[in-house]
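Biologist: I have not seen this one before. Can you walk me through a few spots?

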Amino acid sequence: MKQSATTAIWDRDNECMPREQLETLQLQRLQQTLERVNVHVPCYKSKFSALQISPSDVKTLEDLAKLPFTTKEDLRLNYPYGMFAVPMRDVVRIHSSSGTTGKPTVVGYTRNDLNTWTQLAARFMTAAGVTPDDIVHIAFGYGLFTGAFGLHYGAEEIGASVIPMSSGNTDKQIMIMQDYLSSALVCTPSYALTLADRMEKQGIDPHRLSLKVGLFGGEPWSEEMRREIEKRLGVVATDNYGLSEVMGPGVAGECQHQCGMHIFEDHFIAEIIDPETGEVLPRGSIGELVLTSITKEAFPIIRYRTRDITRLEYDTCACGRTHVRMMKTMGRSDDMLIIKGVNVFPTQIEEVLFQVEGCEPHYQLVVERTGTMDTLEVQVEVNERIFFDEMKKQRAFVDKLEKRLLSTLGVGARVKLVEPSTITRHEGKAKRVIDKRQ
Ligand code: DLL
């Protein structure tokens with residue numbers, strides 16, 4: 001027998017815990033984690049001793065700032081299993097990051113870690129509105145990427161019916177969605193739009209499908225893109241965040257109030273730092289998110305520099321959850337472009353494009369260097385009416401876009417209109433920037 005829809009996974013004791021109590025729990029779990037990594041992970045032991053710090057020096061949560069950061073480079077240097085804190089016989093699953101260059105980073109899970117991951121995925125999926133009555137269509141690729149498995153087990157834990165569709169084959173995805181009555185869609189936000197495009201091309205009205213909620217994550221996306229997906233697919237589009245190094249999806253997720261993603265603070269400690277100086281910034285500042293795991297066994301991680309730029313909000317959410325909310329990320333600091341000295345994130349450009357009638361939600365940024373100057377070209381698909389319009393009208397459209405970009409970004413960008421369906425579609429994470437400078 002399935003559970004009834006009212007018994008979805010909401011761990012009220014932990015998710016609505018008063019902050020003081022939460023911080024006591026965090027400190028206790030942090031101290032235990034530090035003791036363990038100091039004994040079992042040589043990389044942490046040597047970093048701590050280089051700074052002449054021992055786990056027992058961490059007496060308050062503020063003391064966390066005394067500890068060294070962990071970076072992707074540390075994980076690369078200890079490839080593949082050097083950061084594991086348990087023997088391999090206790091590791092029951094291995095995943096790795098989706099990095100495109102160099103060696104990927106490898107992460108491991110004990111059985112307890114998999115249980116925690118399942119619970120946290122079930123938590124954010126419940127917060128997003130998934131119930132045992134849902135049919136959850138998973139269009140992330142199953143494999144080393146953590147996306148599919150994370151949400152798969154979360155949905156099963158809730159008691160929903162899971163369709164492990166995996167990625168690719170867009171036409172078949174749509175057929176299955178129609179025939180199997182998928183009510184919750186799991187994929188990247190950019191793939192959600194690819195699905196909407198294809199349905200519209202096939203004359204299928206997405207609003208006539210059973211879709212109700214979308215759980216989108218794995219890449220940065222703007223509020224404008226959220227509204228576009230909601231309008232076109234007829235779903236409540238929720239955001240969820242995670243990274244393989246810290247666990248995978250299930251680090252943070254949005255509730256139906258859509259006002260930032262609750263970071264599950266009974267399992268992770270979040271800090272915001274200045275990415276240049278490494279200094280911890282005051283509450284409410286925008287900066288780089290740094291995460292510390294406090295319950296993981298196989299692959300604990302201390303002060304991991306995520307490179308994701310965001311802001312944290314500490315007030316209690318209307319849903320009752322007390323866990324801090326991270327706002328939509330502007331993107332990774334690695335994706336930030338510096339054009340004529342001005343910092344530009346692809347998501348800022350996305351916001352502008354999505355506000356202009358006639359632009360299709362597909363774009364690409366090309367960065368080039370002429371002499372010492374970096375230039376940015378924004379290639380955007382426009383609808384056929386605009387693309388085939390007379391030159392004068394097209395020019396006026398380009399001017400309008402360039403003016404809006406200049407006033408939002410504070411730096412000029414060249415706009416190139418391209419025909420519908422010409423920009424490469426990705427089945428997983430979209431690649432927005434083509435950097436020709438290297
Ligand atoms: O993308 C884990 C994940 C899968 C999260 C599916 C949510 C859903 P990685 O491949 O290791 O893991 O990539 C992690 O992706 O540092 C962010 O830059 C980006 N990212 C993930 N979720 C979001 C999001 C998975 N909701 C990297 N918003 C992270 C913005 C995101 N960026």
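Modeller: We will go through a strand, a helix pair and some backbone details.
Modeller: This is a predicted model, where local features need pLDDT of at least 70, side-chain atom pairs count only at pLDDT 80 or more, and totals for chains, interfaces and linings use all residues. Residues are numbered from 1 along each chain as its sequence is written, and side-chain values use heavy atoms, with hydrogens and water left out.

Biologist: Strand 10, buried or exposed?
Modeller: Buried (under 20% relative accessible area, with exposed over 50% and partly exposed in between; 1.4 Å probe, protein chains only). That holds for 6 of the 6 residues in 268–273, so strand 10 is largely enclosed by the rest of the structure. Strands are DSSP runs of E, at least two residues, and helices are runs of H or I, at least four, numbered from the N terminus.

Biologist: Which residues point which way?
Modeller: Phe-268, Ala-270 and Ile-272 point one way, and Ile-269, Glu-271 and Ile-273 the other.

Biologist: What does strand 10 pair with?
Modeller: Strand 11 (residues 286–293), antiparallel, over 6 bridges; pairing needs at least two DSSP bridges. Ala-270 has Leu-291 as its bridge partner there.

Biologist: New topic. Where is Pro-80?
Modeller: Pro-80 sits in the loop between helix 4 (72–77) and strand 1 (93–96). The peptide bond from Tyr-79 to Pro-80 is cis, with omega near -5°.

Biologist: And what is phi at Gln-52?
Modeller: Near 50°, a positive value in a residue other than glycine. Gln-52 counts as exposed because its relative accessibility is 73%.

Biologist: What about Ser-166?
Modeller: Its phi is also positive, about 70°, but Ser-166 counts as buried, at 19% relative accessibility. Ser-166 lies in the loop between strand 4 (161–163) and helix 7.
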